[in-house]
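Hi everyone, thanks for making time. I'd like to walk you through a few strands today, so let's get the picture up on the screen.

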Amino acid sequence: MAAKLRALGHQDEIVVIGNEPAAPYQRPPLSKAYLLGEMPLDRLMLRGTEWWADNRITLRTGCPVTAIDPAAHVVETEGGLQSYDVLALCLGAAPRRLPSAIGGDLPGVHVVRSLADIDGLIPSLGPGRRLVVIGGGYIGLEAAAVARKLGLQVTVVEAGPRILGRVASQPMAGLIRNLHISRGVEVIEGVGVTALEGEASVAAVRLSDGRSLPCDLVICGIGVLPETALAAGAGLALDNGIAVDALGRTSEPAIWAAGDCASFPQNGGRMRLESVGNAIDMAEAVAANIMGAGADYIAKPWFWSDQFDAKLQITGLATGADREILRGHEAGAAEAGGASVWSFAGDRLLCVEALNDPRAYMVGKRLIDAGRSADPAAVADPATDIKSLMR
């Protein structure tokens, strides 16, 4: 948002305040390349040190904000007061944690969200150690894949009936499950966690079916919650996050919000997206509206996940789909030539999930972004050349 404001010609003072000690960095690689040791810290940074000064942006790191006073146009921080004419909340989300009553705060129990989380986890990832990942979403599965590549014994426990229950179709979840199993990951579905056990550190995970899984460490990947405490304290309207209008403005005219923390109107309802694509697109749209563009934000959802040597790319949202068409699902296709799932509501294309199939992803994204569909019969025909769906 700060970069876009400057690019659009904003000349007044810009101050970026963050509670983490590090300068703004990319979060997606934390559970992928950075955790695996393939991306150094300097490449993780979004901007070089000199960029902030060159763009006349004051960066205040390690500076938690304690309150917002909308009437006085003041932000209260642990380092003092900061006045504002316009305030933008880009607060993100915080990982859900297991309750301390069932052992959620035992040493050796980790979450994956911040640089500090990953730096604290990396020393524990030694070959032969036993890891239990609680939660079969993207974060949990990405961490499981990295740990397995590093030589750990890995078990994934998902309380729902299948992994990726909220974020992927059943056919795609099946392909991802098979990928993990083929690499030696144990996947347990439809079973909850009743307790984490241990004294000096976590030593076992007790399951709802009575089993006990011995472990040396645990990663909790059970979702996130939007950061709304500051907004609530300031009296801003909340609705599955900080509620903003179509421009990105909150219920307080001088305060805007973008990214994981914000819900916005779309398709007759409200939507909140947890993705880097939305965080970037919405922040830039809000920056333009702060500058007076007056253009409604229309999200074009896309997501990706790297697991082992497979790349999952998703465009659109499958909510409301009544038909799923799986292409390239022959034995081994997901790794050799790729596979994709096309989700339709009637004859309208809603979502394309592509596993090691960039052509399917690009065709699907172009169609969905343009508001076009594809003939379901043609999609279902293995002989159909994927590019012909664009005609």
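I'll go through two groups of strands, one after the other. Keep in mind that what you're looking at is a predicted model.

Quick reminder before we zoom in: strands in a sheet pair through backbone hydrogen bonds, and they can do that parallel or antiparallel.

Okay, the first group. Here we've got an open sheet of 3 strands, in the order β17-β19-β20, and the pairing is mixed. Which strands sit at the edges? Those are β17, at 242-243, and β20, at 269-271, and each of them pairs on one side only. Now look at β17 next to β19, which covers residues 262-266: these two run parallel, with 2 bridges joining them.

Is β25 mostly covered or mostly uncovered? Mostly covered: 7 of its 8 residues are buried.

So who pairs with β25? One partner is β24, residues 339-345, which is antiparallel to β25 over 7 bridges. Another is β22, residues 310-316, also running antiparallel to β25, with 5 bridges.

Last stop, the turn. β24 and β25 form a hairpin with 2 residues between the strands, and there Gly-346 takes a positive phi, near 65 degrees.

Note on methods: Residues numbered from 1 in each chain as written. Predicted model: local features only at pLDDT ≥ 70, side-chain atom pairs only at ≥ 80, totals over all residues. Heavy atoms only, no water. Pairing = 2+ DSSP bridges. Helix = DSSP H or I, 4+ residues; strand = E, 2+ residues; numbered from the N terminus. Buried < 20%, exposed > 50% of the residue type's maximum accessible area, 1.4 Å probe, protein only.
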